[in-house]
Amino acid sequence: MTQPNVVSVGAFDRFNYGDLLFPLVLESRWTVLSDSTLSHYALWGARGKEWGTARSGSARDLRRSFADQLPTGCVVAGGEVLSATWYDLTRHSIPSGFDLAVAALHRSVPRRRLSGICRTLAGGMWDLPLVPDVTTSRQVPVVYNAVGATSVDTLSDDDRVRVLDSLRAGKYLSVRDNASVEILRSHGVDADLAPDSAAVIDRLFPATPKRSRTLVFQCSRHWLRGHEDEIVAQLRTLSGRYEIRLLAIGLAGGHSDLTALRRLFRQLSKMPNPVRLVKPENVRDVAAEIASADCYVGTSLHGSITAMAYGTAVVGLDRIPKLSEYLATWAPDSALRDVSASSIVASVDATERFDSRELAEVGTRLSRVSAAATDRMLGTLLEVG
């Protein structure tokens, strides 16, 4: 029998914490099921090692790979991939700050034209960079691993049709929250419900000891806009009771956590109880910071998923639908969600009433269910490959 030659596609070539976890999760489960290799592809590709993740080839490399020999399977690795365009991926791959200049282009150039230009530059195969088209799905078994679908209805009519047709042509589909299940069902597409595949992070990186009275705070540049003074006031209040660590999780353009947190740090660094600004070198650093904290406050979905995996209390900030929907699905009673800037102190205080054993049990359960779901998805490829 021919050895499986499976590829995965995702945004693995930029430092956005959650995207960098997906190849690690896939490889950890793949090695349990098969002794063959699994190849990863992104927009431009990256060595990955310096970020603590797997190497990835480029979109052009993926096209060449398909031309040389069709793979026996393709994994769409997870995350908010269904709505990503070539323009989006290109803009988010640009260093923070410069991405704003590129983002301004769509004011004068239609987004579809920008995406077409970006696709040509990247040498991409499909109309949407992370959604194999129907033709590909008929040639190669395609599986979707705990993806988010809350943004499907924000797509243009043409792109929505492309996505839904591709999902119907796939061999397996799981989504990571109840809202995604309902949105797809409204379009006649059925999907399994599974926790995000990164919920197994506690199996990848052993937990680090808790640092008593430590709070990790994270937010994106976009979320901070218009709320900076309120956040500073809330963190000043908390600094009397907690050691506060400002943790940059999304360093790529489009997230730009470091830009936001530096603004906060400038105002908070001269307090009697100064905060610490943390710029991680790799994904293990991010996991260790969150795992060792008593509480995580942030906008990052994968920051919250990591916190739950290690029994760290979660305060999910507002205006992030995918975060709110995930917490409502998997931790309705053990995590706080939709928390406004002015309610951070009260919400952190509320987490002190959580039972640490119950938080740990939630993380263990999600890790177990997530691993089984990923195995089921990969098993589908092995059966049809």
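In the predicted model, L264 touches F217, L224, E228, I231, V232, L235 and L246, leaving aside residues up to four places away in sequence. L264 and F217 are the residues with the most contacts inside the largest nonpolar core, which comprises 70 residues. Another core lies apart from this one and has 41 residues, including A84, W126, L173 and I183.

The sheet is open and consists of 6 strands in the order β9-β8-β7-β10-β11-β12, with parallel pairing. Its edges are formed by β9 (276-278) and β12 (336-339), each of which pairs on one side only. From one strand to the next, the twist averages 20°. At the β12 edge, the pairing with β11 (residues 313-317) is in the parallel sense and extends over 2 bridges. Within this part of the sheet, L317 stands opposite V339 in β12.

Two packed helices are described by the angle between their axes and the distance between the axes. For helix α14 (residues 301-309) and helix α15 (residues 321-330), the angle is about 25° and the axes are 9 Å apart. Helix α14 is therefore roughly parallel to α15, because angles under 35 degrees count as roughly parallel. The residues that meet are L301, S304, I305 and M308 in α14 and K322, L323, Y326 and L327 in α15. By class, this contact of α14 with α15 has 6 nonpolar, 1 polar and 1 charged residues.

The relative accessible area of S367 is 2%, so S367 is buried, given that the term applies under 20% relative accessible area. With residues up to four places away in sequence not counted, S367 touches A199, V200, D202 and R203.

Notes: Residues numbered from 1 in each chain as written. Predicted model: local features only at pLDDT ≥ 70, side-chain atom pairs only at ≥ 80, totals over all residues. Heavy atoms only, no water. Pairing = 2+ DSSP bridges. Helix = DSSP H or I, 4+ residues; strand = E, 2+ residues; numbered from the N terminus. Axes fitted to C-alpha atoms, helices over the stretch in contact; angles between N-to-C directions. Core = buried A, V, L, I, M, F, W, Y, C linked by side-chain atoms within 4.5 Å. Buried < 20%, exposed > 50% of the residue type's maximum accessible area, 1.4 Å probe, protein only. Contact = heavy atoms within 4.5 Å. Parallel < 35°, antiparallel > 145°, perpendicular 65-115°, else oblique. Nonpolar A, V, L, I, M, F, W, Y, C, P; charged D, E, K, R; others polar.
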